[in-house]
Amino acid sequence: MRILIALAAALMATGATTAQAAAPAALAAPNISVANVQAHLNQFQSIARANGGNRAHGRPGYLASVNWVKSKLDAAGFTTRVQSFTYGGATGYNLIADYPGGDANNVIMLGGHLDSVTAGPGINDNGTGSASILEVALQMKATNFQPTKHVRFGWWGAEELGLRGSTAYVNSLSTTEKSRIKAYLNFDMTGSPNPGYFVYNGADGQPTGSVALQQRLQAGFTSLGVQTELTNVGGRSDHAAFARANIPTGGTFTGAEQTKTSAQAAKWGGTAGQAFDRCYHRSCDTTSNINATALDRNADVIAYALWATAS
Ligand code: DPN
Ligand code: ZN
């Protein structure tokens, strides 16, 4: 008995040592539970159902979404702040959450838009990015991650009306505050039902796309055995507000209204000749409009990239 315990202890010690020695810092990132991310999506769906079917700017489902995400972060010890702005005669809100600690002069930000269009509940666009960064934030606390850099999250309002919230946030920062943000990673639509695996092209002519961030996100997918393509997202999501302020940006995307080609279907599975998201901006963008594998892989890549960038 004693020998067995000693042997087991020795094996465990050897295994642990080997694993620690072999694993680069980034691989210490937790495996994000897709069930937890899906539970957050169910909350967004319930919030929309209770508020006229959407979570759009200026509608009650939007502020309810902000308050719900904020309550989860507050309970996990984040420092949260709701920033108001006005657009189209309605008050909009950004939720900003800071993880305690890290070098305040080296800030890594992750964000996504929390608003939907008025047509539907916006579960893929962009419950997915919002829920995934929320779960990654909660896992920072759960795993007692102590990054060298300071980590901040943003959930943006009124993206669907022209990147209004993210632009208001960036415009509210002083030159010094902007210069402290060393990277902004954006997650908008990460669970499309007929998914592609796209990484924002760091060299697409945006002022500050970052090839380094692009390559880090690609490395995350490679570690999962998933092939990626680069995409030129241009000004279509909130990273653009940061890029305009010369902050290095990156992100992932599983596709919207565009059609999957047969080459893409051969590579990723799914249906050629069909949109990545047939419910894009429609009432059918519900919890049924999600590919759980794509959602899971993207959430894991978000954690991988955060751990690699902020460690
Ligand atoms: N941000 C979404 C929109 O403009 O409706 C969709 C989108 C996300 C498009 C990422 C391109 C890239
Ligand atoms: Zn959209």
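This is a predicted model: local features need pLDDT of at least 70, side-chain atom pairs count only at pLDDT 80 or more; totals for chains, interfaces and linings use all residues.

**Surroundings of the ligand**

Ligand 1 is surrounded by Asp125, Glu159, Glu160, Asp188, Met189, Val233, Arg236, Phe253, Tyr280 and His281.

| Residue | Protein atom | Ligand atom | Distance |
|---|---|---|---|
| Glu159 | polar side-chain atom | nitrogen of ligand 1 | 2.7 Å |
| Asp188 | polar side-chain atom | nitrogen of ligand 1 | 2.5 Å |
| Arg236 | polar backbone atom | nitrogen of ligand 1 | 3.0 Å |

For Glu159, then, the contact with ligand 1 comes from the side chain, and a side-chain atom is likewise involved for Asp188, whereas Arg236 takes part through a backbone atom.

**Helix 4 and helix 10**

Two packed helices are described by the angle between their axes and the distance between the axes. Helix 4, which covers residues 123-142, and helix 10, which covers residues 292-310, have axes that come within 10 Å and cross at roughly 50°. The crossing of helix 4 with helix 10 is right-handed. On the side of helix 4, Thr128, Ser132, Ile133, Val136, Gln139 and Met140 take part, and they meet Leu295, Ala299, Ile302, Ala303, Leu306 and Trp307 of helix 10. In this contact of helix 4 with helix 10, 9 residues are nonpolar and 3 are polar, with no charged residue present.

**Helix 2 and helix 3**

Helix 2 (residues 34-50) packs on helix 3 (residues 60-75) at an angle of about 150°, and their axes are 9 Å apart. Angles over 145 degrees count as roughly antiparallel, so that description applies to helix 2 and helix 3. Their crossing, too, is right-handed. From helix 2, His40, Gln43, Phe44 and Ile47 meet Gly61, Ala64, Ser65, Trp68, Val69 and Lys72 in helix 3. The residues of this contact between helix 2 and helix 3 divide into 5 nonpolar, 4 polar and 1 charged.

**Ala90 in strand 2**

Ala90 belongs to strand 2, which runs over residues 90-98. Apart from neighbours within four places in sequence, Ala90 is in contact with His57, Gly58 and Phe85. Val151 lies 61 residues from Ala90 along the chain, and the C-alpha atoms of the two are separated by 30 Å.

Key: Residues are numbered from 1 along each chain as its sequence is written. Chains are lettered from A and ligands numbered from 1 in the order in which they are written. Side-chain values use heavy atoms; hydrogens and water are left out. Axes are lines fitted to C-alpha atoms, for helices over the stretch in contact, and angles run from 0 to 180 degrees between N-to-C directions. Helices (H or I, at least four residues) and strands (E, at least two) are DSSP runs, numbered from the N terminus. A crossing is left-handed if the near helix is turned anticlockwise from the far one by less than a right angle, and right-handed if clockwise. Contact means heavy atoms within 4.5 Å. Ala, Val, Leu, Ile, Met, Phe, Trp, Tyr, Cys and Pro count as nonpolar, Asp, Glu, Lys and Arg as charged, and the others, Gly among them, as polar. A residue is near a molecule or strand if one of its heavy atoms lies within 4 Å of it. A polar contact is a pair of N or O atoms within 3.5 Å; within protein, one must be able to donate a hydrogen and the other to accept it, and residues adjacent in sequence count only if both atoms are side-chain atoms. Angles under 35 degrees count as roughly parallel, over 145 as roughly antiparallel, 65 to 115 as roughly perpendicular and the rest as oblique.
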